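Please consult the sequence and the structure shown here alongside the text.

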Amino acid sequence: MTEPQHALRLHAPADDGGAGELRLDELPAPTLDEHEVLVRVEASVLDPDDLAATAGAIRPRGLPRTLGRGGAGVVVAAGTASDDWAAGDPVAIDGGASCGRCVYCTTGRDNLCVAGRRLGLERDGTHARLVVVDGRHLVPAPGDVDPAQVAMLTRTVAVPYHALKRAGVGEDVTLAVHGCGGRGLHAVLLAQLAGAEVVAVDADAARRDTALAWGAIAAVDATGGDVGARVREVTEGGVDCSLELTGRSEQLRAAVESLRPGGRAALVGTGLGALPGAVLDRLTADELDVVGAGDPTLQDLGELLDLLADHRLDLSRSLPRRVATHELPDVLAELREVDGDPDLVVATPG
Ligand SMILES: [Zn+2]
């Protein structure tokens, strides 16, 4: 526990939507309280929250703050009340926060707990060599799986997994995925695992091709105008569910307009703006549901790790761009212009 640690810290967010002031700082070895666990990070996933924090769209509590909303690692030491964990245990690091006692935590909605501190926002996150985590937010990881896959599972896979549940996606459901970056492509994969048929919507031809290669039944160009009408056309009347990941208002509109009467849209992207009056009228006339989907729950992550361990979830085609932690400021600056669903990036400490 005495080794010093390097961590990517946000010292100041950008006022102009840029990358902000990020530094790779050397920090003293962290200390643990009784419920905490010290984890050596093996892989940390880049998350849209990192982009939002550096751009000033969301404000971490207290600066400087180590970024990173989830990852994979190995337990180094556990606090005296954290006897579920021992040195050497491979773990998935969940970036959420929960108290375990409130009405949300005791009804399976720990992602809504307001008492805890989330990694990379209210406490130091995973873009570091070491991270201190509340023991409740570690999940055992299969020892034979690439840590990069476990890291991407905690956010890039778990966020759309949670959103698909909120959208009610299951057997024989048709789904339109609006935004096919890292999270959207995994929504395409997960929806098929649940028995759904997927239409992929994205402005980028390469992303649309990947979605088709991953099993989408059709792909629609998000730049071609009247996206909702084209989704309704290829699905003969509209999809049962839509997933919105881009955070762009025109995609929000398309996500709602893609629905059949009685359909449901789940919104993951933030900063979406308003719906035009004509679309709002459709909500009433066609009894559409619009739901928000935020962070995954601990149960979501446990289910995904079971699927991965049993080889029912195959992430072998999810090839993240692999970088070292010190390269993340450049990567974040590069990604700041893309929509709210960036491509998959996993960082290794260094
Ligand atoms: Zn709670």
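**Overall form**

The chain has 350 residues and a radius of gyration of 20 Å, which agrees with the value near 20 Å for a compact globule of that length; the radius is taken over C-alpha atoms, and the globule rule is 2.2 Å times the number of residues to the power 0.38. The model is predicted: local features need pLDDT of at least 70 and side-chain atom pairs count only at pLDDT 80 or more, whereas totals for chains, interfaces and linings use all residues. Residues are numbered from 1 along each chain as its sequence is written.

- The C-alpha trace spans about 60 × 45 × 40 Å along its principal axes.
- Nine helices and 16 strands make up the secondary structure; helices (H or I, at least four residues) and strands (E, at least two) are DSSP runs, numbered from the N terminus.
- Of the 350 residues, 53% count as buried. A residue is buried if 20 or more other C-beta atoms lie within 10 Å of its own, exposed if 12 or fewer, and partly exposed in between, with C-beta atoms placed from the backbone.
- Among contacts between residues at least 6 apart in sequence, 70% join residues at least 24 apart; two residues are in contact if their C-beta atoms, placed from the backbone, lie within 7 Å.

**Domains**

- The domain assignment gives domain 1 (5–141 + 319–348) and domain 2 (158–292), with bounds that come from an automatic or database assignment.
- The centres of domain 1 and domain 2, taken over C-alpha atoms, are separated by 28 Å.
- Contacts between the domains involve seven residues of domain 1 and 12 residues of domain 2. On the domain 1 side, the touching residues are three nonpolar, one polar and three charged; Ala, Val, Leu, Ile, Met, Phe, Trp, Tyr, Cys and Pro count as nonpolar, Asp, Glu, Lys and Arg as charged, and the others, Gly among them, as polar.

**Nonpolar core**

- The largest nonpolar core holds 95 residues, and those with the most contacts inside it are Val39, Leu175, Val177, Val188, Ala200, Val201 and Leu243. Such a core is a set of buried Ala, Val, Leu, Ile, Met, Phe, Trp, Tyr and Cys residues joined through C-beta atoms within 7 Å.
- Helix α2 (residues 147–167) supplies the largest share of this core, 12 residues.
- Both domain 1 and domain 2 give residues to this core, so it lies between them.
- Beyond its neighbours within four places in sequence, Leu175 contacts Val169, Ala191, Ala196, Val198, Val239, Asp240, Cys241 and Leu243.

- In helix α4 (residues 205–213), Arg207, Arg208, Thr210 and Ala211 are buried. These residues fall within an arc of 160 degrees, so they line one face of the helix; the arc is that of the directions from the helix axis to the C-beta atoms.
- Helix α5 (residues 227–234) has Val227, Gly228, Arg230 and Val231 buried, and their arc of only 165 degrees puts them on the same side of α5.
- Against the buried residues of α5 pack β9 (174–178), β10, β11, β12 (239–244) and α6 (249–257).
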